[in-house]
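Subject: Structure handover

Hello,

Here is the structure I promised to pass on. Please open it first, then read my notes below.

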Amino acid sequence: MSALPPARDRFLELLRTSVSARTFVKLTLGKPRGRDPSLRNVFVRPVHLKAGPRLSFVWRHETRDVTKNLSPDEALAEIERQLAADFFDAHLFTTTQTAQFEGAADGSGRLSLKGIAAVGASAASPAGHDREKQRPLAGDALWLRALGVTNDRGQPREGMAGKLRQIQKFTELIGHLVDDAGLRDRPDLSVVDMGCGKGYLTFALAALLGTRASVTGIESRPHLTELCNQVAREARFERLNFVAGDIATTEAGKVNILVALHACDTATDDALAKGIAARADLLVVSPCCQKELRSQLTAPVVLADALRHGIFQERQAEFVTDALRAQLLEWAGYRTKVFEFVSTEHTAKNLMIAGIKAHPPGDEARAARLRDFAHFYGIHHQRLAQHLGLPLALA
């Protein structure tokens, strides 16, 4: 077997050392070589399972994700194989430095290193059965304590354990989506959280993205924006700001990432329309109270008996509304992901729709399929479709 190119060899040695020393935080493989045209990226992070420490892989394809946990030895061999055959670039994050390998078609490459100040140290520390599950945010963060989520010891206050899990899960998901949208190293990001409420997840965004991101929370209740701005000052978030306003009338301006979680009924559509108009790179919504379409729904004959029951009508309205939103995002130029946000044990409002800007808008084949879907359920109009100027009625 021929020797590895020096730059790649040094990069892999840094990776092996970080895994062995348990300073490994995460790894991203990018710039696919094209053997699998649907494969976009691979993300790797450490996890601790009952069987012991593992590295968790997520293969990001155009329309699906594949997840697999490998032992450290298996994982290192898999990363070496993929870097040799499937990807040109790799980006390694440890608790003390970042390392980037940039490969070339001729097998050569370049290695760049940069020291960092304990980024993600908690995520990379040793994990055992007697250790708390690793999370991307520290429970004793000042803003979590100031907002009443945790106490001075970093433990959730009474009744707030579910909220803390929601915040931690959101941070983990957003981290993956930011990577998937190609925003990991983008400087001067603009982020808007529409309908941010008490700002739990807005603060999580600011903490995750750091000083390279300007983060704005939009909330209709002025007393909440005043509270959040006070906490932001106390916690020294210099680029985090909260303003009073509502989703429908607030202009988003320049936006890279737009978030709207639990915006009620058509407010989710208003937020998505703002993000699409701003050509945002990443849209993330968690819909709530999907009422608009319920009165329009005409049950297909085969479903008529089942849909005599109100609970089934409600769930069908939720499904049709959010499925239509996902298809509209695809038509508007976004690659969509729809998944469970957190377990229904913690909240029933657990669906998340993410859109990553990926292709030109206005595809007629998508529009035709979208209209067929609307026609099947008897839908004549829908708020996001109206914002986008796309008639749903069949010609």
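Start with Arg279, which lies in the loop between helix H8 (267-277) and strand E12 (282-288). One caution before going further: this is a predicted model. Is Arg279 buried or exposed? Its relative accessibility is 56%, so Arg279 counts as exposed. Setting aside neighbours within four places in sequence, Arg279 is in contact with Val255, Tyr334 and Lys357. Ile257 is 22 residues away from Arg279 along the chain, and their C-alpha atoms are separated by 9.5 Å.

Now the whole chain. Its secondary structure comes to 11 helices and 14 strands. The radius of gyration is 23 Å, close to the 21 Å that the globule rule gives for 395 residues, so the chain is as compact as a globular protein of that length. Along the principal axes, the C-alpha atoms fill a box of roughly 65 × 50 × 40 Å. Of the 395 residues, 49% are buried. The chain exposes about 19100 Å², and carbon and sulfur atoms supply 52% of that. Take the contacts between residues at least 6 apart in sequence: 62% of them join residues at least 24 apart.

Next, the aromatic rings. How many aromatic pairs are there? With ring centres within 6.5 Å as the cut-off, the count comes to nine. One of them is Phe11 with Phe101. Their ring centres are 6.3 Å apart and their planes stand at 40 degrees, so this pair is tilted. Phe11 belongs to helix H1 (residues 6-21) and Phe101 to strand E6 (residues 97-103). That pair links distant parts of the chain, 90 residues apart. Both Phe11 and Phe101 are buried.

Phe203 and Phe237 form an edge-to-face pair, 5.7 Å centre to centre with 75 degrees between the planes. Phe203 lies in helix H6 (residues 200-209), while Phe237 is in the loop between helix H7 (222-234) and strand E10 (240-244), so the pair ties together parts that are 34 residues apart in sequence. Phe203 is buried, as is Phe237. These two also belong to one aromatic cluster, together with Trp143 and Phe242.

One more ring to look at is Phe93. The charged end of Lys26 sits over the Phe93 ring, 5.0 Å from its centre.

Best wishes

Methods
Residues numbered from 1 in each chain as written. Predicted model: local features only at pLDDT ≥ 70, side-chain atom pairs only at ≥ 80, totals over all residues. Heavy atoms only, no water. Phe/Tyr/Trp six-rings, centres within 6.5 Å; stacked < 30°, edge-to-face > 60°. Helix = DSSP H or I, 4+ residues; strand = E, 2+ residues; numbered from the N terminus. Buried < 20%, exposed > 50% of the residue type's maximum accessible area, 1.4 Å probe, protein only. Lys NZ or Arg CZ within 6 Å of the ring centre and 35° of its normal. Rg over C-alpha atoms; globule rule 2.2 N^0.38 Å. Contact = heavy atoms within 4.5 Å. Areas by Shrake-Rupley, 256 points an atom, 1.4 Å probe, with all protein chains shown as cover.
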